[in-house]
Amino acid sequence: MTQKKIQFIDTTLRDGNQSLWGATGLRTGMMLQIASVLDQVGYYAIDFSTSTHMAVTVRFHKEDPWERLRLMKSRLKNTPLTFLSTGMRFISWETAHPEVMALSYQLLVNNGIERFMVMDPMNTTQAVINNCQAIAKAGASEVIGALVYTVSPIHDDAFFAQMARELAAQPFINRVYLKDPGGLLTPDRARTLLPALREAVGSKPLELHSHCTIGLAPFTYPEAPGLGVDALHTAAQPLGNGSSQPAVENVISNLESRGVAHDLDLDAMAKVSEYFTSLAKAEGLPMGIPQEYDERYFAHQLPGGMIGTMKRQLREMRQAHRLPEVYEEVERVRAELGYPIMVTPFSQVVGTMAVMNVLSPERYANVPDEVIRYVVGRFGTPPGDVDPNVRDRIEQLPRAKELVGQSPMPPLAELRKKFSPKLSDEEFLLRAVMPAEQVDAMVAAGPCRQDYNPSVAPVEHLIKALSERPDVKHARIERDGFLMELRGQ
């Protein structure tokens with residue numbers, strides 16, 4: 001029997017960017033510059049965005065995320081764009097009203113998203129089914145239900161197989177994928193779990209998404225096609241490895257040695273990696289490197305994207321040297337909060353609390369709203385018992401009493417009353433879930449830049465920095481045949 005060709009979903013722009021560059025590394029013009037080449041590679045789909053990425057687009061780059069979607073879709077004629085959603089929230093940490101989520105799905109479809117991956121942070125099957133149904137109603141071409149992988153006494157093969165069976169039974173769920181945010185899936189576990197999932201989903205395709213955080217995914221991926229997996233999630237080499245997905249070049253090489261076929265254009269793939277290598281050098285961004293195995297990682301289980309974000313936040317606070325302390329505190333906080341699955345939003349809930357505990361003179365001296373909401377049940381029932389001392393301390397906070405009594409997000413009709421009726425639905429939705437000043441700054445910035453050239457980017461950065469120095473009236477830079485002279489007026 002001839003094995004069918006393996007499919008690939010490219011994660012470079014979304015999860016690679018988030019895992020290695022804190023989700024802030026890529027601007028719209030950078031993506032547009034390489035879009036047509038990405039379209040030639042032959043990927044089944046591109047893992048493109050989440051509501052968190054849309055917020056970053058506004059907050060850090062003052063770019064319109066809806067404009068980004070439309071522009072990218074216009075340049076990707078053959079490759080569908082994918083959006084990852086929990087169905088729980090849209091940008092804001094506040095649990096969204098179902099009407100708000102329905103509008104977000106409709107607008108995402110209208111602006112170019114064809115494929116949705118849907119996960120529930122608690123692995124609540126019915127929540128995944130409900131959100132998949134809402135997305136299908138919005139007109140998505142393909143809906144993929146997620147199983148969030150974690151290691152615990154209750155998450156055995158039978159648990160995941162039953163969940164996969166229930167998801168695959170829904171006519172509006174086209175595919176099922178195992179999402180391993182912590183990169184915890186070992187080859188040995190894959191040999192029992194993946195065949196169980198293959199049997200459970202029947203004829204529907206099965207995808208695998210894992211991270212290289214402790215070096216396991218590059219060993220697990222070559223096993224996957226022979227165990228029933230139809231598609232693998234990979235990144236271009238500069239944004240692969242590290243805490244990102246396996247580099248597609250290495251995965252293909254290993255699969256070819258096992259006789260597994262594919263339809264990817266290796267020349268186009270090489271151009272993509274060359275581009276991102278140049279971009280990383282021009283912008284001073286780190287490229288992913290293979291990781292060593294770390295047994296201790298099974299304790300804190302932070303996903304790759306969260307690690308990237310946490311490192312960036314610690315650097316910004318000049319506390320990067322305290323990362324080992326944060327890892328230890330993550331393990332402690334996770335146990336105290338009842339062992340939530342370390343995936344968005346719970347990885348952020350645990351990680352943020354851990355950072356604050358390390359940087360504060362006293363643990364739980366300051367508690368973010370998201371942690372309070374988790375403890376009081378706004379995100380659902382925690383998998384395990386919350387430590388009684390931690391629960392009592394948090395529930396006694398004045399802010400906890402405020403949040404318990406806080407009304408949920410209102411329906412659309414009430415939300416719209418707060419804003420001008422002249423707003424487009426896209427701008428209205430951003431304003432409904434983001435600080436007004438951030439959206440104002442995005443609007444004031446105007447259309448995004450649609451081009452990027454890594455070879456001239458350093459010069460552009462230099463000119464910008466000099467232009468912001470009122471004390472510099474004249475600058476002359478000469479190097480290796482290059483001459484630039486600037487004079488102020």
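## Helices α2 and α11

The crossing of α2 and α11 is left-handed, meaning the near helix is turned anticlockwise from the far one by less than a right angle (clockwise would be right-handed). Helix α2 covers residues 28-41 and α11 residues 266-283, and their axes come within 8 Å and cross at roughly 160°. That makes α2 roughly antiparallel to α11; angles over 145 degrees get that label, under 35 is roughly parallel, 65 to 115 roughly perpendicular, and the rest oblique. Axes here are lines fitted to C-alpha atoms over the stretch in contact, with angles from 0 to 180 degrees between N-to-C directions.

On the α2 side, the contact uses Met30, Gln33, Ile34, Val37, Leu38, Gln40 and Val41; they meet Ala268, Met269, Lys271, Val272, Tyr275, Phe276, Leu279 and Glu283 of α11. Contact means heavy atoms within 4.5 Å. By class, the residues split into 11 nonpolar, two polar and two charged (nonpolar is Ala, Val, Leu, Ile, Met, Phe, Trp, Tyr, Cys and Pro; charged is Asp, Glu, Lys and Arg; the others, Gly among them, are polar).

## The model and its overall shape

This is a predicted model, so local features need pLDDT of at least 70 and side-chain atom pairs pLDDT 80 or more, while totals for chains, interfaces and linings use all residues. Residues are numbered from 1 along each chain as its sequence is written, and side-chain values use heavy atoms, with hydrogens and water left out.

The protein has 22 helices and 10 strands, taken as DSSP runs (H or I, at least four residues, for helices; E, at least two, for strands) and numbered from the N terminus. Its radius of gyration is 23 Å, close to the 23 Å that the globule rule gives for 489 residues, so the protein is as compact as a globular protein of that length. That radius is taken over C-alpha atoms, and the rule is 2.2 Å times the number of residues to the power 0.38. The C-alpha trace spans about 70 × 65 × 50 Å along its principal axes.

## Two other helix pairs

Helix α5 (residues 98-110) and α20 (residues 425-433) have axes that come within 11 Å and cross at roughly 135°, which makes α5 oblique to α20. Val100, Leu103, Ser104 and Leu107 of α5 touch Asp425, Glu426, Phe428 and Leu429 of α20.

Helices α3 (residues 51-61) and α4 (residues 65-75) pack at about 115°, axes 8 Å apart. Met54, Thr57, Val58 and His61 of α3 meet Pro65, Trp66 and Arg68 of α4.

## Arg363 in its loop

Arg363 sits in the loop between α15 (346-359) and α16 (369-375). Its side chain joins that of Glu336 through a polar contact of 2.8 Å. Such a contact is a pair of N or O atoms within 3.5 Å; within protein, one must be able to donate a hydrogen and the other to accept it, and residues adjacent in sequence count only if both atoms are side-chain atoms.
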